[in-house]
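I opened my notebook to look up a few local details, one entry at a time. Here is what I wrote down.

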Amino acid sequence: MALYEQLKAVYDQGLHGSVVTLANMVLTLSDSNPEVLTYSTKYQTFVYYGDALLNLKEFKKAEAMFKKALQFRKSLAKTKGKAQPFPPGEATSEVDVKYKMHLCLVQLRQYSQAATILDSIPAKQRNACINMALAKVNHLLNGNDRVAITCYKEVLRECPFAMDAAQGLLYLGVKAVEVAALMISGPLNASNIDWLSLWLKGHSHIHAKELSMAMSSFKQIDMKTQLRDSTDVLVSLGEVYYYNGDFQNAMAVLERAHCLDPLNTKGMDIYAILLEKEKKIKELGSLATRLISINDNVPEPYIALGYFCLAAKKGTKAINFAQKACNLSPYYIESILLKATVLFELKKTQEALSYFGEAYKIASYRFEAHKGLVDCYVAMHRTREAIAIASTACKQLGQSARGLTLYASVLMKDPSSADKAKPLLEKALKQDPTYLNAVYLLAAVYEQERLYEKGIELLKKHMEQQTSCRLHQMLGDFLARTNEHEKALHHFSIALNMDPSNHKAVEGSQRVEQQNPESSESFEVDDIADSENEGDLEESEVEAVWSDVEYS
């Protein structure tokens, strides 16, 4: 008993490495001398051993120890004359051991076994923690929505403000009104929960693909309730802006959330993606290193590092970080999209197609999943499949500007359907006059049809609202086509000042100069092309970001 008391003392102090060593010795001694441990202390030694291994992330061995504990307990129950070998309160309950065993099985990706072990716990013995675990395993990992809904509801009956359970129900299509009824069952201070109905509606709208209504709900929480500057609300709002393709507002809101709570990791993977889109590579590198120093056990830091590596053309490192994110959270949509994107960039199109397909199954409301599938089919020269996916995207994304433009871009690749692209692009620009991808494609259509004046009019009109390197480069091309060489060189010059690596602008300038040597004094193309691009990083700066980061 003295040895067991020492083992318990070491366990109580959280010295997991010492627990593993001592428990192994005590159990070996017990095999030779049964008097070393009583029935209850031998069972508890198995539990301590498994728990220490679980904390040390030795999941396979931990699961084996928990299984031995349960088998030992079961064998004692069948032995006659051994009534009540476990005095109440002196040993870990069978329910707790099964819960710990499920944690190991989830980490080992044995999801069916994890669900089975939890399901073996009688319904009357399940607390909110057990029901929540059972709901998540069935919802996120096994796809058994009916069981998940039942378990989420049980969680809310015991803990009405279990927010993850509420979100789980909304994701599975349960109406916001029904979820609210489960959460507000007793008298509460109405002034403190004026945000709740808006919060529930917001998440309900997300999963119903009603993104504009979701934005409205979260904006009202931030502007009209006492939850102004809540990082949780701001992250939700920023994510909805991002899902809807409004990257400018998404960036502003997520930057605000990051400033309010620099230690928050939730939603910062989306912020990282936006920084990469804006080519703010140094800021992305700083964010990634900060996130990994805050918490390296969640996927967001590795997703940020993955996009940083992708921007720095370090595909192998990017895929490693993507895999690490997937290992930490196998069904997290951003992890899957990152891995799919990196695989596509590495020309591993078939593998990328598989991961984009998985992303589509999990979150069909995400444009990136649709676009990824289309890009893969186009790369594989399977235009019919690409057109079918793009058509589906238009329907599922509510005829959005992005969906219509994606559909038009694929139609343009098939000569037999190219004439259908122009009306789709015009419709997209009516819905969102600021959507530049539609502008670029419509200008390309005008160029194919030799409607140069219409192209010039379109590009100039959009330059009044916003500017981009590509707008100036395309306008330069159109002006060159109409023999307005001075103006063409002027816009090529602006494009190259914005992005010196724009080869089309360089080629356009050189072409105009060769045709009209007298115009070349306006600027020196080579000088501009060789100038430093603020968005690019030196090799040493890139290496500094991940040099101290471990990845698998």
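Before starting, I noted the cut-off I would need: a residue counts as exposed when its relative accessible area is over 50%, and as buried when that area is under 20%. I also reminded myself that this is a predicted model.

**Entry one: H381.** I looked up the backbone here and found a positive phi of about 60°, although H381 is not a glycine. I then located H381 in the loop between α21 (367-379) and α22 (383-396). Is H381 buried or exposed? Its relative accessibility is 70%, so I put H381 down as exposed.

**Entry two: R450.** R450 is not a glycine, yet I read a positive phi of about 60° for it as well. I traced R450 to the loop between α25 (436-448) and α26 (452-463). With a relative accessible area of 66%, R450 is exposed.

Two packed helices are described by the angle between their axes and the distance between the axes. I checked helix α18 (residues 315-328) against helix α19 (residues 333-345): their axes come within 9 Å and cross at roughly 155°. That angle makes α18 roughly antiparallel to α19.

Which residues meet between α18 and α19? From α18 I listed G315, A318, I319, A322, Q323, A325 and C326, and these meet S335, I336, L338, K339, V342 and L343 in α19. I sorted the residues of this contact into 9 nonpolar, 3 polar and 1 charged.

Key:
Residues numbered from 1 in each chain as written. Predicted model: local features only at pLDDT ≥ 70, side-chain atom pairs only at ≥ 80, totals over all residues. Heavy atoms only, no water. Axes fitted to C-alpha atoms, helices over the stretch in contact; angles between N-to-C directions. Helix = DSSP H or I, 4+ residues; strand = E, 2+ residues; numbered from the N terminus. Parallel < 35°, antiparallel > 145°, perpendicular 65-115°, else oblique. Contact = heavy atoms within 4.5 Å. Nonpolar A, V, L, I, M, F, W, Y, C, P; charged D, E, K, R; others polar. Buried < 20%, exposed > 50% of the residue type's maximum accessible area, 1.4 Å probe, protein only.
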